[in-house]
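Student: I have a new structure open and would like to learn how to read it. Could you walk me through a few features?

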Amino acid sequence: MRNILMAVLVAIVGLAAAPETHVDHAGLSKLTWQLAARGSTFREMTTFEMIDTLHEMNFHHIELSPGQVLSADHADVKIDVGMPAEGLDALIAKLKSVKMDIVSFGAADFGGTEAEARKVFEFGKKLKVKTIISDPPPESLILLDKLANEYNINVALTSATTARRYVTCEIMLDAMKDRSKRIAVCADLMAWKLAGQDPIECVKKLSGHVVLVHLSDVDAEKHSVPVGAGTVDAAGAMTELKAQGFKGICCVDDDSDGQPARLAEFAKSVSAFSDMVTKLAAAP
């Protein structure tokens with residue numbers, strides 16, 4: 001009944017209607033890239049509301065974020081590696097109903113023991129994720145490398161956390177020494193820019209290690225703006241990644257104040273990134 005009433009309201013007054021975007025799926029396919037949306041952009045929504053909104057926006061892939069409420073019918077369940085089986089089954093069924101999938105999850109906490117780390121990988125396995133994003137202590141990477149290969153799931157190091165363990169690309173490179181390709185990098189272009197790093201140079205230094213890109217932007221005053229409208233040269237970074245033969249996840253994010261503004265700015269970022277994809281796909 002609730003879903004029917006919501007559908008009627010949307011039809012009558014446009015309530016919660018998703019903003020228009022264009023996505024160049026043909027270009028993405030040619031480049032062998034996947035466009036995903038970061039769940040944290042939709043944090044005031046339930047996970048089910050986010051899925052419906054992204055389905056309207058022609059998305060097929062999501063980066064799931066911990067802590068988001070599952071649905072109105074499961075208001076006491078939040079996205080977490082320890083969420084009840086009933087909630088996880090409901091999430092999987094919801095995704096299947098709109099032909100969407102979870103390609104990445106994070107930022108995840110692997111805990112301090114192998115048992116705790118396995119819970120994260122088991123969660124990822126059930127959702128069939130390709131990559132788990134985290135900032136684990138460097139000394140834990142031997143264990144995580146073993147589990148990443150066992151479960152066939154990447155662990156992508158991120159610099160965009162409060163711990164700031166991997167704030168520079170040089171620190172990431174050092175941490176990955178002697179590790180397999182399963183210990184990889186989430187290239188958060190904005191985080192590098194805010195840390196005084198050149199995102200393009202970071203992408204060059206990390207060649208072959210990047211499996212996922214976080215796409216967001218800020219202006220000179222560090223206010224969130226659509227991709228390509230601020231200080232981050234996303235087009236330059238993606239051009240370099242194409243030259244490297246990158247075949248991974250491109251995850252759009254926005255952190256504007258308030259869900260309505262964030263959704264609108266997110267839509268602009270999606271369209272701006274799609275324009276980049278069209279140009280790069282057409283280039284030799």
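Tutor: Helices (H or I, at least four residues) and strands (E, at least two) are DSSP runs, numbered from the N terminus. This is a predicted model, where local features need pLDDT of at least 70, side-chain atom pairs count only at pLDDT 80 or more, and totals for chains, interfaces and linings use all residues. Residues are numbered from 1 along each chain as its sequence is written, and side-chain values use heavy atoms, with hydrogens and water left out.

Student: Why do side chains in a strand alternate?

Tutor: As a general idea, in a regular strand the side chains alternate between the two faces of the sheet.

Student: Which strands does strand 1 pair with, and in which sense, parallel or antiparallel?

Tutor: Two strands pair if DSSP finds at least two bridges between them. Strand 1 runs parallel to strand 12, joined by 4 bridges, and Ala36 stands opposite Cys251 there. Strand 1 also pairs in the parallel sense with strand 2 (residues 61–64), over 3 bridges, with Ala37 opposite Ile62.

Student: What do strand 1, helix 3 and strand 2 make?

Tutor: A crossover is right-handed if, with the strands pointing away from the viewer, the path from the first strand over the helix to the second runs clockwise. Strand 1, helix 3 (residues 47–56) and strand 2 make a right-handed β-α-β unit.

Student: How many aromatic pairs are there?

Tutor: Rings of Phe, Tyr and Trp (its six-membered ring) pair if their centres lie within 6.5 Å; planes under 30 degrees apart count as stacked, over 60 as edge-to-face and the rest as tilted. The whole structure has 7 aromatic pairs. In one of them, the ring centres of Trp33 and Phe273 are 6.4 Å apart with planes at 15 degrees, so the pair is stacked. Trp33 lies in the loop between helix 2 (25–31) and strand 1, and Phe273 in helix 11, 240 residues apart.
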